[in-house]
Amino acid sequence: MERLGHLSVFLCFLFLAGAVQAMHTFERQNLDKAFRLLVTGEKSEALQIIEPLARHGDVRAQVMYGDYFITEENNLAEGRIWLLAAARTNDAYAQYRLAMSYLWRASVKENEEGRKWLIKAAEQGLYEAEEQLTLGYTNGLWGFPRDVDQEDYWRERANKHRAEQGHAK
């Protein structure tokens, strides 16, 4: 009988794992649809998809929602709230987007915060972040010192990760 109990638990686990996977696929499809809607200018319909997912902790939706506020609503503060929520999950792309929201500004304090998030994203192997670090060290941008060794290091990593992630140069 105990064996039957373990089998039932295992089967329930498999069912739930499949249901979670199906839910993630559905969410991805909805976010892809929302992205297409944003591109075609159907913001209201896109936000009906993005906002509830973002509020329920979907990292990709939080990044999209944050980017929406920054680019479409010119609301940097609200956009950063959503990007920060996503970045705190240790998602490299969210960290990168948050970093760039700081680095596009001119203040020293914002550059410091941006550098912190950019390094976190680059250390995880996100080639976009590695490329930005390369630029920072090449040109002394955002408070990074000009440093040929760091420039070479991040350029090599960026080239490696870009190829691994299937992006042509």
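I began with confidence: pLDDT is the predictor's confidence in each residue, from 0 to 100. The chain averages a pLDDT of 85, and 82% of the residues score at least 70.

**Entry 1: ground rules.** I am reading a predicted model, in which local features need pLDDT of at least 70 and side-chain atom pairs count only at pLDDT 80 or more, while totals for chains, interfaces and linings use all residues. Residues are numbered from 1 along each chain as its sequence is written, and side-chain values use heavy atoms, with hydrogens and water left out.

**Entry 2: the fold.** I counted elements as DSSP runs numbered from the N terminus, with helices as H or I of at least four residues and strands as E of at least two. The chain has eight helices and zero strands. Along the sequence I therefore read α-α-α-α-α-α-α-α.

For contacts I used heavy atoms within 4.5 Å. Among contacts in the chain with a separation of 6 or more, 42% join residues 24 or more positions apart.

Entry 3: Which element has the lowest mean pLDDT, and which the highest? The lowest belongs to α1, at 58, and the highest to helix α4 (residues 76-87), at 97. Residues 1-7 have pLDDT below 50, and this stretch has zero contacts in the model beyond near neighbours in sequence. Residues 9-23 are also below 50, with one contact beyond near neighbours in sequence.

Entry 4: I took accessible areas from the Shrake-Rupley method with a 1.4 Å probe; for residues, only the protein chains shown count as cover. The accessible surface of the chain comes to about 10400 Å², and 56% of that belongs to carbon and sulfur atoms. I called a residue buried under 20% relative accessible area, exposed over 50%, and partly exposed in between (1.4 Å probe, protein chains only). Of the 169 residues in the chain, 37% are buried.

**Entry 5: the largest pocket.** My search ran on a 1 Å grid over the protein atoms alone; a pocket is an open set of points where a 1.4 Å probe fits, with protein on both sides within 12 Å along at least five of seven lines, and lining residues have an atom within 4 Å of a point. Points are joined across faces, edges and corners, and the volume is the space filled by probe spheres set on them.

The largest pocket holds about 370 Å³. Its lining has 15 residues, with F35, L38, V63, M64 and D67 nearest the centre. Two or more lining residues come from each of α1 (2-39) and α3 (59-71). The largest share, six residues, is from α3.

I sorted the lining with Ala, Val, Leu, Ile, Met, Phe, Trp, Tyr, Cys and Pro as nonpolar, Asp, Glu, Lys and Arg as charged, and the others, Gly among them, as polar. That gave seven nonpolar, one polar and seven charged residues.

**Entry 6: helix α5.** R97 sits in helix α5 (residues 92-103). Is R97 buried or exposed? R97 is buried, because its relative accessible area is 14%. Not counting residues up to four places away in sequence, R97 touches V63, D67, L83 and W104.

Y96 is also in helix α5 and is buried, at 11% relative accessible area. Leaving aside neighbours within four places, Y96 contacts L118, A121, L126, E128, A129 and Q132.

**Entry 7: helix α6.** I119 is in helix α6 (residues 108-123) and counts as partly exposed, at 27% relative accessibility. Beyond four places in sequence, I119 touches L133 and F144. N111 lies in helix α6 as well and is buried, at 12%. Beyond four places, N111 contacts Y102, L103, R105, A106 and W142.

**Entry 8: positive phi.** Most residues other than glycine have a negative phi. N74, in the loop between α3 and α4, has phi near 55 degrees and is exposed, at 69%. N90, in the loop between α4 and α5, has a positive phi of about 75 degrees and is partly exposed, at 48%.
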